[in-house]
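Welcome, and thanks for taking a look at this model.

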Amino acid sequence: MQFLENFKPELVISSPGRINLIGEHTDYNMGYVLPTAIEKNITFSFKKNGSENQCHVYSKTYDTGFELNLDKIAVSKVEWENYILGVLNEISKRTDKVRGFDCIVESNLPTGSGLSSSAALECGLAFGLNEIFDLGLSKIEMVQLSQTAEHTYVGTQCGIMDQFASVMSEAGNVILLDCRSLEYKHIPIDLHPYKIILLNTKVSHNLASSEYNTRKQECEQGVAIIQKKYPNVKSLRDVDEEMLLASKEDMSPTVYNRCSFIVKENDRVLEMVDALKQNNLKEVGQILYKAHDGISKEYEVSCPESDFLVDFSKDNAQVLGARQTGGGFGGCTLNIVHESAVGDFVSAATKAYKDKFDITLEAFEVRPSGGTSII
């Protein structure tokens, strides 16, 4: 790619990945989530190239790139390109101010780890183009167009949480986001003397694959059944355990389990907010374990590797709680570990995991951080 030879960026943007403390798969069910951005991120270097419509995008991480014409945006056969193309397509519906640009992308986010590198890619691009071409998009518009891009160009019917966390986070806080109204509050999180340690199973999942969209459909089936008795119900957000039980006989066991998990998970998000406000760290840990149990047995988006690591953590008195985080089928487990025990815990988990699965674990600390910004 010729443009790389004397590339001097006019604008550099950092777009973070995210963790979700609690509230898994509740976002596309219009429920509550509790995410935050983390320090690991994707960096975008932008430069206008003086052309009307020719653009070059290069990934330093994968040493690959592509060219595109702004007048001929179409879905690509190469998956990562569609995150870029989808965002450009959505922006083109809102403004005609974008002109030719060159962009270098570099990531220290492990892909397929459940830290939402996809949302970071979408939001960082939208944020950067908004700045360099003065598009006048609000933060919430950038969040929403990035989500739509993932629906239309990537094929994952994701909720809004990942993009929202990537853009709207504040350091030292998690976001209590109501995915129905998009009302949100920053909730301070202080886990001292404990740290958030992620263990990356190295088992990769592809969210565009069928299982994620299948879960969404199963929840929608449940809603359709519940609506027969409760016509005002629009999503699982409107359902409590009593209503669910009243419709249990009309559902398959699978659909009932999916709905049951979401109803309880929404409650757990609000319980977690209370526990954080009261600084009840023991309760924070217990809620994580309950959530993982539901992720594994009711929603069935866990995997043997994640289950093994969560079970392993239960034998360590210095770990308050753990669960698989992210869309599912691998990625990372989130562990609340006493700062004095992090080294020993990681060593022991790494050895046990290697013995069991012959996979080398990757461990890192994450801290609640700020959202997408200019460097």
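## Overall build

Of the contacts in the protein with a separation of 6 or more, 72% are between residues 24 or more positions apart, where contact means heavy atoms within 4.5 Å. The model is predicted, so to speak of local features a pLDDT of at least 70 is needed, side-chain atom pairs count only at pLDDT 80 or more, and totals for chains, interfaces and linings use all residues. Residues are numbered from 1 along each chain as its sequence is written, and side-chain values use heavy atoms, leaving out hydrogens and water.

There are 10 helices and 13 strands in the protein; these are DSSP runs numbered from the N terminus, with helices being H or I of at least four residues and strands E of at least two. The radius of gyration is 21 Å, close to the 21 Å from the globule rule for 375 residues, so the protein is as compact as a globular protein of that length. That radius is taken over C-alpha atoms, and the rule is 2.2 Å times the number of residues to the power 0.38. Along the principal axes, the C-alpha atoms fill a box of roughly 60 × 55 × 40 Å.

## Inside and outside

Buried residues (under 20% relative accessible area, 1.4 Å probe, protein chains only) make up 58% of the 375 residues. The protein exposes about 15700 Å², with carbon and sulfur atoms supplying 46% of that area; accessible areas come from the Shrake-Rupley method with a 1.4 Å probe.

An open, antiparallel sheet of 4 strands has the order 10-11-9-12; strands pair if DSSP finds at least two bridges between them. Its edge strands, pairing on one side only, are strand 10 (319-325) and strand 12 (362-366). The twist averages 25° from one strand to the next. Strand 10 is joined to strand 11 (residues 332-338) by 6 bridges, and V319 has V337 as its bridge partner.

Two helices lie across strand 9, strand 10 and strand 11: helix 8 (residues 281-297) runs at about 35° to strand 10, and helix 9 (residues 304-313) at about 170° to strand 10. Axes are lines fitted to C-alpha atoms, for helices over the stretch in contact, and angles run from 0 to 180 degrees between N-to-C directions.

Another open sheet has 3 antiparallel strands in the order 2-7-8, with strand 2 (32-33) and strand 8 (184-188) at its edges. Strand 2 meets strand 7 (residues 173-178) through 2 bridges, and Y32 stands opposite D178. Helix 4 (residues 161-168) lies across strand 2, strand 7 and strand 8, at about 140° to strand 7.

Conventions:
Buried < 20%, exposed > 50% of the residue type's maximum accessible area, 1.4 Å probe, protein only.
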